[in-house]
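Here is a friendly note to read alongside the structure. Keep the 3D view open and look for each element as we come to it.

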Amino acid sequence: MLFTSDDKKLRSVLHLAPEDNVVVACRDLKPGEFFEIVGHSPVKLHQRILIGHKVALCTIKKSEKIVKFGMPIGSAAEDIAPGNHVHTHNMQSDYIPTHTLESPRTGPEVL
Amino acid sequence: MDGKFLGFRRSDGRVGIRNVVVVAYLVECAHHVAREIQLPFRERDVHLIGFPGCYPNDYSQRMMHTLCTHPNVGAVLLLSLGCEGFNRFGLEQHIKKSERPVETIVIQENEGTPQSIAKGRRWVEEVIAQMPQQPDVSASLSQLVVGTICGGSDGTSGITANPAVGNAFDKLVQLGASCIFEETGELIGCENHMQGRAVDPDLGSQIQLSMAKAARYYKTLGYGSFAPGNADGGLSSVEEKSLGAYAKSGHGKIHGLLKPCDQPPQGGLYLLDVVSDGEVRFGFPNINDNAEIAELIACGSHVILFTTGRGSVVGSAISPVIKVCANPETFQQLRDDMDIDAGRIMYGQAELAEIGDEIVQKVLETAKGMHTKSESLLHQEFIMTYKSFTPIGPACLPIPQSP
């Protein structure tokens, strides 16, 4: 289930359940880095991804469920390409809208 | 592991792991005097708690009754202004019945601030001298109540610290302890799974009702239990946060549903419903993490396992708080505040079960008297607000009370 894709032996991402269409960054990931999950095509990152944040493992169509821990955690608000950051800008809760503050860490310029 | 330690015996048969003198103000108007009394003793296990409101409220009265007779509490000093709505007579009687030393200082009847402070400090000094300093009754982990809470969650919480606490909970329940997880508003989306874990169908239905109440409450208030920092840390929705939070409960059966101040009747895993009953009033169910911690303690928790990703630094009055840090970057930043580095799981440097064992070991060390990081740093946060609950029914505790 866990996949290590880094030369430094520090794993880069976690694929938490086989049915998940996102992976979670295990450390600060840089644009240009690759990761590969068995059974899926290799994915190249186009943006910086902070630890704990999610990345699309495959193409996720608008309205499709985002699946993490094997469970739906919301729906895509737009089409999401593999390697893209999956967060409040392109997905939404199926329960209660998410409240955020504008912060330099979530602003698009550093993503 | 034999899981044995020495505790403080209480008249109700429970065992404390600390011998705290509580100084409690019964209205905000008595807060300053209470704090002035407590401050010189704050390194000697004298803790400040209180209720700010002037209007009477059954919940806050019951909270004070249970907190002042908590097994970690050895004596209580009550501070009243004199004209507030809180029933100080009922509270004092309740504490007296528990055979703890108790004194009430009414500021209006003691020549005001300076005399009340002087009298209070004298009383605390005398009571500390009288109280046993060393625990002397043999106890085991099976007698402990352990609560858990997550605060400042991020995208690592649900992967490292929360499932590690779940692992520790499974082990503690095996050893006979009572474990409590809570904040139904932060479990929205997990209701069907929790129902399936209930020891019987009626309890499962009760859990569904509590969850529906939580969802309705937060929807009316317009915000989920989700802070901007959660999003900074990579969480995108309340259900994502819920799934992560839910991992703290481990994999065992759920033995009962409690409301604040209810005591687990015997060892097992319990869900604490913290959302007020009836119409939506008094605002958010818990305005911050310490409001939840106070309720876990009111349910008898001797120790609190606090998981954090972003990095909370709080502790609590009355019961020690063990910080389990989910995020390895946060651990580096806040290492003086953190007891357990669960973020090693993120780097592949530790397995969940190892961290689970570390947590159980830390609970035992804490029960033996070793101070947690937040205790050493004198974090003694406490807060209580207005709430309203109807009593739980028999379906909530399907296992009969052990003799």
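Before we start, one definition: two strands are said to pair if DSSP finds at least two bridges between them. Please also keep in mind that this is a predicted model.

1. **A pair of strands in chain B.** With that definition in hand, look at strand β8 (residues 145-150) of chain B, which pairs with β9(B) in the parallel sense over three bridges. One bridge to find on screen joins G147(B) to its partner I180(B) in β9(B).

2. Is strand β9 (residues 178-182) of chain B mostly covered or mostly open? It is mostly covered, with five of its five residues buried. In a regular strand, side chains alternate between the two faces of the sheet. Here S178(B), I180(B) and E182(B) point one way, while C179(B) and F181(B) point the other way, and all of them are buried.

3. **Two domains in chain B.** The domain assignment divides chain B into domain 1 (20-130) and domain 2 (139-396). Taken over C-alpha atoms, the centres of domain 1 and domain 2 of chain B are 28 Å apart. Where these domains of chain B meet, domain 1 contributes 20 residues to the contact and domain 2 contributes 16 residues.

4. **The domain 1 side of that contact.** At least two residues each come from β3 (20-25), β4 (46-50) and α2 (58-68) of chain B on the side of domain 1 that touches domain 2. Which element gives the largest share of this side of domain 1 of chain B? That is α2(B), with six residues. By residue type, this side of domain 1 of chain B holds ten nonpolar, seven polar and three charged residues.

5. **A parallel sheet in chain B.** Four strands of chain B make an open sheet with parallel pairing, in the order β4-β3-β5-β6. Why is one side of β4 and of β6 (102-106) of chain B left without a neighbour in the sheet? These two strands stand at the edges and each has a single partner strand, so one side of each has no neighbour there. On average, neighbouring strands of this sheet are turned by 20° against each other, direction ignored.

6. Strand β5 (residues 73-80) of chain B pairs with β6(B) in the parallel sense over five bridges. Within this region, V106(B) in β6(B) is the residue opposite S80(B). The helix α2(B) packs on the sheet and touches β3, β4 and β5 of chain B. The direction of α2(B) makes about 160° with that of β3(B).

7. **The nonpolar core.** How many residues does the largest nonpolar core have? It has 147 residues, and those with the most contacts inside it are A24(B), L79(B) and V324(B). Helix α5 (residues 161-174) of chain B gives the most to this core, seven residues. Domain 1 and domain 2 of chain B each supply at least three residues to this core. To see one of its members at work, pick L79(B): leaving aside residues up to four places away in sequence, L79(B) touches V23(B), A24(B), Y25(B), L26(B), A30(B), V33(B), A34(B) and I105(B).

8. **Chain A.** Chain A has zero helices and ten strands. Of the 111 residues in chain A, 40% are buried. Among contacts in chain A between residues at least 6 apart in sequence, 42% join residues at least 24 apart.

9. **A sheet in chain A.** Three strands of chain A form an open sheet with antiparallel pairing, in the order β7-β8-β10. Its edge strands are β7 (65-68) and β10 (91-92) of chain A, each pairing on one side only. β7(A) and strand β8 (residues 71-76) of chain A pair in the antiparallel sense over three bridges, and K68(A) has M71(A) in β8(A) as its bridge partner. From the other chain, α9(B) packs on this sheet, touching β7 and β8 of chain A. The direction of α9(B) makes about 165° with that of β8(A).

10. **Where the chains meet.** The contact between the chains takes 32 residues from chain A and 29 residues from chain B. On the chain B side, α7 (201-221), α8 (228-232) and α9 (238-246) are the elements that give two or more residues. The largest share of that side, four residues, comes from α9(B). The chain B side divides into eleven nonpolar, twelve polar and six charged residues.

Conventions:
Residues are numbered from 1 along each chain as its sequence is written. Chains are lettered from A and ligands numbered from 1 in the order in which they are written. This is a predicted model: local features need pLDDT of at least 70, side-chain atom pairs count only at pLDDT 80 or more; totals for chains, interfaces and linings use all residues. Two residues are in contact if their C-beta atoms, placed from the backbone, lie within 7 Å. Ala, Val, Leu, Ile, Met, Phe, Trp, Tyr, Cys and Pro count as nonpolar, Asp, Glu, Lys and Arg as charged, and the others, Gly among them, as polar. A nonpolar core is a set of buried Ala, Val, Leu, Ile, Met, Phe, Trp, Tyr and Cys residues joined through C-beta atoms within 7 Å. A residue is buried if 20 or more other C-beta atoms lie within 10 Å of its own, exposed if 12 or fewer, and partly exposed in between; C-beta atoms are placed from the backbone. Domain bounds come from an automatic or database domain assignment. Axes are lines fitted to C-alpha atoms, for helices over the stretch in contact, and angles run from 0 to 180 degrees between N-to-C directions.
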